[in-house]
Amino acid sequence: MKQYLLSIMKGQKKGLLDYLIILLLLPLSLIYGMGVFCHRIFYFLKGPYEAPKPVISIGNITVGGAGKTPLVIWLARNLQDKGLKSIILIRGYMPHASKISDEVDMINEQIPYIPVLAGANREANIREAEDVLPVDLYICDDAFQHWRLWRKLDIVAIDAGNPFGNGCLLPAGILREPTSALRRAHIFVLTKTDGSNDIQALCSKLTKINPKALIVESRYKTIGAIGVFDNDILPENFLKDRRVVGFCAIGDPLSFESSLKNSGAKVAKQLSYMDHHVYKRDDIQRMVEFCCLQEIQVLVTTHKDAVKLKIFKDLFTSIRLVYIPIQLEITKGSDEFIQKVISVCRN
């Protein structure tokens, strides 16, 4: 049911019943919009906290799946190469049933040399790190709507394949704010551009909303497969022509399906859970049993899911669990992007 509602919010379902559901939800979207406006006014009057070092925000205007975390990792790595020390501030979404934050664990595995401070109170994290950790700037994940913290630069990730869903605010659509809020952005990073049919039309729309913002284009690059429990880097063609079962719990499951397809794997079954799903032993046992019945030896997931599955190692005695590592690749505007961030940090 949740997946069905999400497909309506994203504009992927356009039947008569789907439109009726949107109409029923629109009054709630109006209330939500008023709440967003009041929340912003409150912090405007109160005044945001200004950190001792520049804060760079990487956020989005929609819920789920725009590719913020890979962008955070890409930016932190590239700034490190330029000699700038960053600290990543992340809310670290943790479902009530778990103390695991999938995004935090994934970032720690990919860039272990860059500190990651998790928690909803970014101001408190900055104050605790002050004079303790060396830092030139803070990279604040998912902070485009974080009014408590003053940012020197707002970077907005936009899924080029589905930028604004059906165009409605939550809960009728996937928008956190009206698209007019994009006027606050300094940089737009279009993600998954290889899955979009008309980048030019999207760029024109963004330029019309915010003509001063830099527009950067990017895509995901998959690199073979990696064993979840042994961290073995497998050959690039490991999945090619191999029968597998794929599963994920991310904001945009279609991007994972696309990665599996591009790997050349023969997908016997594809399972999608809601973003941040907390896996239970029953979930894993059902998948393993299906694989055994179908004589399938490999289960494939995402890195974000893999960090949550290591506690179930005992269930994978006869099945190999691997994940597809994904890196962000800037295809247009990389140099301008980095220089804009560096100039903000050094001014």
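Student: Why is D131 called exposed?
Tutor: Its relative accessible area is 78%. Exposed means over 50%, so D131 qualifies. The model is predicted, and the value is computed from it.

Student: Where is D131 found?
Tutor: D131 is in the loop between helix 5 (122-129) and strand 4 (137-141).

Student: What is the phi of K192?
Tutor: Near 55°. K192 is also a residue other than glycine with a positive value. It is found in the loop between strand 6 and helix 6 (199-209).

Student: Is K192 buried or exposed?
Tutor: K192 has a relative accessible area of 9%. Buried means under 20%, so K192 is buried.

Student: Why does R176 count as buried?
Tutor: Its relative accessibility is 16%. The cut-off is under 20%, so R176 counts as buried.

Student: Which residues does R176 touch?
Tutor: Leave out residues up to four places away in sequence. Then R176 touches Y32, V36, N60, I61, T62, V63, D142, Q145, L169 and L170. A touch here needs heavy atoms within 4.5 Å. R176 itself is found in the loop between strand 5 (153-159) and strand 6 (187-191).

Student: What makes the peptide bond from L170 to P171 cis?
Tutor: Its omega is near 0°. Most peptide bonds are trans. P171 has its place in the loop between strand 5 and strand 6.

Student: Why is strand 6 called largely enclosed by the rest of the structure?
Tutor: Five of its five residues are buried, so strand 6 is largely enclosed.

Student: Which way do the residues of strand 6 point?
Tutor: I187, V189 and T191 point one way. F188 and L190 point the other way. All of them are buried. In a regular strand the side chains alternate between the two faces of the sheet.

Student: How do you know that strand 5 and strand 6 pair?
Tutor: Two strands pair if there are at least two bridges between them. Strand 5 and strand 6 have five bridges, in the parallel sense. D159 stands opposite T191 in strand 6.

Student: How many bridges join strand 6 to strand 7?
Tutor: Four. Strand 7 comprises residues 214-222 and runs parallel to strand 6. The bridge partner of V189 in strand 7 is V216.

Student: What is the order of the open sheet of six strands?
Tutor: The order is 9-8-13-12-10-11, and the pairing is mixed.

Student: What makes strand 9 and strand 11 edge strands?
Tutor: Each pairs on one side only. Strand 9 covers 233-234, and strand 11 covers 266-272.

Student: How do you know that strand 8 and strand 13 pair?
Tutor: There are two bridges between strand 8 (residues 225-227) and strand 13. The requirement is at least two, so the pair qualifies. Its sense is antiparallel. I226 has Y323 as its bridge partner in strand 13.

Student: In which sense do strand 12 and strand 13 pair?
Tutor: Parallel. Strand 12 (residues 298-302) and strand 13 share five bridges. T301 stands opposite Y323 in strand 13.

Student: Why is strand 13 (residues 320-324) called largely enclosed?
Tutor: Four of its five residues are buried, so the rest of the structure largely encloses strand 13.

Student: How many bridges join strand 10 to strand 11?
Tutor: Six join strand 10 (residues 243-248) to strand 11, and the two run parallel. V245 has K269 in strand 11 as its bridge partner.

Student: How many helices and strands are in the protein chain?
Tutor: Ten helices and 14 strands.

Student: Why is the protein chain called as compact as a globular protein of that length?
Tutor: Its radius of gyration is 21 Å. The globule rule gives 20 Å for 347 residues. The two values are close, so the chain is as compact as a globular protein of that length. The C-alpha atoms fill a box of roughly 60 × 55 × 40 Å along the principal axes.

Student: What percentage of the 347 residues count as buried?
Tutor: 52%. The chain exposes about 17,200 Å², and carbon and sulfur atoms supply 54% of that area.

How values were computed: Residues numbered from 1 in each chain as written. Predicted model: local features only at pLDDT ≥ 70, side-chain atom pairs only at ≥ 80, totals over all residues. Heavy atoms only, no water. Rg over C-alpha atoms; globule rule 2.2 N^0.38 Å. Buried < 20%, exposed > 50% of the residue type's maximum accessible area, 1.4 Å probe, protein only. Areas by Shrake-Rupley, 256 points an atom, 1.4 Å probe, with all protein chains shown as cover.
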